[in-house]
Amino acid sequence: MDTVIHTNKLTKRFGDFIAANEITFDVYRGEIFGFLGANGAGKTTAMRMLCGLSTPSSGTATIAGFDIYKQAEEIKKNIGYMSQKFSLYEDLTVLENIRFFGGIYGLSDRQLKEKSEQLIETLGMKSEVKKMVGSLPLGWKQKLSFSVAILHEPKIVFLDEPTGGVDPVTRRQFWDLIYEAVDSGITVFVTTHYMDEAEYCNRISMMVDGEIKALDTPAKLKQQYSVTSMDEVFYELARGAKRSE
Amino acid sequence: MRTLKFLLRKEFKQIFRNKALLPMLFVVPIMQLLILPLAADYEVKNINITIVDQDHSAYSQKLISKIMASGYFRLASYATGFNDAFDDVENDRSDLILEIPQGFERNLIRENEQQLYMAVNAINGVKANLGGTYLNRIIADYNADVRLEWVQMSKFNRLPTIEIVSSNWFNPTMNYRFYMVPGILALLVTMIGAYMCALNIVKEKEKGTIEQINVTPIKKYQFILGKLIPFWVIGIVVFTMGLFGIGWLVYGIAPIGSLLLLYAYLSVYLIAVLGLGLLISTYAETQQQAMSIAFFFMMIFILMSGLFTSIDGMPEWAYIMTKFSPITYFIEVMRMIVLKGSAFSDIKSHFLIMVGFAVSLNGWAIYNYKKTS
């Protein structure tokens, strides 16, 4: 199996506080990798390091075959990122956002045109194309945000709590989009607090107090902790956490 | 290049869509240029004067009418004694007291000498200072008149007098608008540059959109150019509107010097000021912080710029501080080129210093702007 993310003892310290402590794991091509943990466990910190937004204090990692320290700009060409905070431009229209982000990833005019038409078709947003993104409902924003993050066909897409605050139907639709992306060969790295979403992942890692405490398929984890649901697995692991919000 | 094109297109769209920002950029400067030069006038008129005339003679009447005819003074009241007059000052009805003592006329004729008493309300320093000076000159003038009268009457030889005739170069009518408009225009361009640029970038930080930009392969210089160019263009447009639309059409100030030189200097100046905005944005996390920092610098720059107070009159340490404010140079250059018609050789040092400001401020800002934390 191809490894697209490889980390070895990746650590981030803020003064005395160790936000991420010697994280070591691999993510393989084409899988949905669930990155779980309680609030404040260090998920976002870890993800920001992998995206090149934050420089690790120690440890090594390669993303899509590029070194996290030396080839940060190469990494950025090969990843997509959707932050916890909605971060498309609210004062630009749907189409303008798509064109802008596509454009800065170096898509040609023809590609931009084809891609944006295709994207709008998939999302069923034909009548919203000229609307300001700020006026869309949250669920639509999230779906648009995801689609824009994978517009340039990255090798890996990082999703930081992509479905926070959206209704169950939209969440279901959102996961349909994720599956489509996986089918087209994109590896998905996702953090979530919804345990039903955790079940959709191929493999799951559990972060507690800045360390990875468990890493396996959902089925094996349930077996290991002799429980029937991911909820219970999460509870078993997170119960011992000392850190909270 | 292609990336920059996308960035610029996005930036211009956002600026022109911002319903609060557009008037700030274009209407406010015009309004300020129309209002400020009229208000910011160094000439002090309407100085309230209280006169205590205890002589009630022909000579005292003549002095009073001479004072009132000067046009600088407004009679607050005639008081019967100094204490009454002082009440006026205490109640802010009067700025100056002139006391003409009893026996004014008699002493003047007989003793050839008489003292007048003048009291100045120094709460408003400028008014008091100028009022006192005006009054002194009027009295001196009056003195000369009186003397001349007697000299003629007694047919003595005329006393030699020295008369000073001054002419005001580059601003012959001493019109303060000529002096203020170029300065205020320089100030407005500065505020637009520094404030708008800083706020714009910090807004992206606040909204979190800068994160999304930072995970893309956009280069640091591309992002910064994408931010600087729009405000550089806007700065030049606003300046042009102010210079021709207001300065020329409304105030009749036609630049004497080379426009090319003026715009060349403006271009460099804007880069320096935008660099300051950029620098502020790298330190501030919220728009509120950016606003406060920018306001702090603007206050100092404006007060030390020589626009409202003369730099030459400042103490040594303040004089040195003005050298660190880019506005000082631009206001000087504006006045030199617009009013005096100075050429490049005259403003060469100003040019070099401004290039220095532009390079150091931008260099610092670029160094401090980080895509990763």
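A residue counts as buried under 20% relative accessible area, as exposed over 50%, and as partly exposed in between. The model used throughout these exercises is predicted.

**Exercise 1. Classify the two partners of the salt bridge between A:Lys131 and A:Glu128 by their accessibility.**

Step 1. The side chains of A:Lys131 and A:Glu128 meet at 3.7 Å, N to O. A salt bridge requires a side-chain nitrogen of Lys or Arg within 4 Å of a carboxyl oxygen of Asp or Glu.

Step 2. A:Lys131 has a relative accessibility of 40%, so this residue is partly exposed.

Step 3. A:Glu128 has a relative accessible area of 12% and is therefore buried.

**Exercise 2. Describe the salt bridge between A:Arg110 and A:Glu114 and its setting.**

Step 1. The N to O distance between the two side chains is 3.2 Å.

Step 2. Both residues belong to helix H4 of chain A, where they are four residues apart, about one turn of the helix. In general, an α-helix has 3.6 residues a turn, so residues three or four places apart point the same way.

Step 3. A:Arg110 is exposed, at 59% relative accessible area, while A:Glu114 is partly exposed, at 45%.

**Exercise 3. Determine what the salt bridge between A:Asp109 and B:Arg2 joins.**

Step 1. The closest N and O atoms of A:Asp109 and B:Arg2 are 3.3 Å apart.

Step 2. A:Asp109 is part of helix H4 of chain A and B:Arg2 is part of helix H1 of chain B, so this pair joins two chains.

Step 3. B:Arg2 is partly exposed, with a relative accessible area of 29%.

Step 4. Over all chains, the structure holds 29 salt bridges.

**Exercise 4. Characterise the interface between chain B and chain A.**

Step 1. The two chains bury about 2,700 Å² between them, with 52% of that area on carbon and sulfur atoms. In chain B, the residues that lose the most area to chain A are B:Gln212, B:Val215 and B:Pro217, which together account for 24% of what that side buries.

Step 2. Chain B contributes 26 residues to the contact, and chain A contributes 34 residues.

Step 3. Five salt bridges are counted between the chains. A:Glu96 and B:Lys13 form a salt bridge at 3.5 Å, N to O.

Step 4. On the side of chain B that touches chain A, the elements giving two or more residues are helix H1 (2–17), helix H7 (176–207) and helix H8 (209–214). The largest share, eight residues, comes from H1(B).

Step 5. By type, the residues on this side of chain B divide into six nonpolar, nine polar and 11 charged.

**Exercise 5. Explain why helix H3 of chain A is largely enclosed.**

Step 1. Helix H3 of chain A spans residues 94–104, and nine of its 11 residues are buried, so the helix is largely enclosed by the rest of the structure.

Step 2. Among the buried residues are A:Glu96, A:Phe100 and A:Phe101.

Step 3. The buried residues of H3(A) pack against helix H4 (109–123) and helix H5 (138–149) of chain A, together with H1 and H8 of chain B.

Step 4. Just after H3(A), A:Gly106 takes a positive phi of about 85°.

**Exercise 6. State which charged side chain lies nearest to A:Asp67 with opposite charge, and how A:Asp67 is placed.**

Step 1. A:Asp67 is located in strand E5 (residues 66–67) of chain A.

Step 2. A:Asp67 is buried yet has no salt bridge, and the nearest side chain of opposite charge, that of A:Lys70, is 4.9 Å away.

Step 3. The backbone nitrogen of A:Lys70, however, lies 2.9 Å from a polar atom of the A:Asp67 side chain.

Step 4. Leaving aside residues up to four places away in sequence, A:Asp67 touches A:Ala61, A:Thr62, A:Ala72 and A:Ile75.

**Exercise 7. Locate B:Ile280 and list its contacts.**

Step 1. B:Ile280 sits in helix H10 (residues 259–283) of chain B.

Step 2. With a relative accessible area of 4%, B:Ile280 is buried.

Step 3. Not counting residues up to four places away in sequence, B:Ile280 touches B:Ala198, B:Ala290, B:Ile293 and B:Ala294.

Step 4. The C-alpha atoms of B:Ile280 and B:Met291 are separated by 9.1 Å, the two residues being 11 residues apart along the chain.

Conventions:
Residues numbered from 1 in each chain as written. Chains lettered and ligands numbered in written order. Predicted model: local features only at pLDDT ≥ 70, side-chain atom pairs only at ≥ 80, totals over all residues. Heavy atoms only, no water. Buried < 20%, exposed > 50% of the residue type's maximum accessible area, 1.4 Å probe, protein only. Contact = heavy atoms within 4.5 Å. Lys, Arg positive; Asp, Glu negative; His and termini not counted. Polar contact = N/O pair within 3.5 Å; in protein donor to acceptor, adjacent residues only side chain to side chain. Buried area = accessible area lost by both parts, 1.4 Å probe. Nonpolar A, V, L, I, M, F, W, Y, C, P; charged D, E, K, R; others polar.
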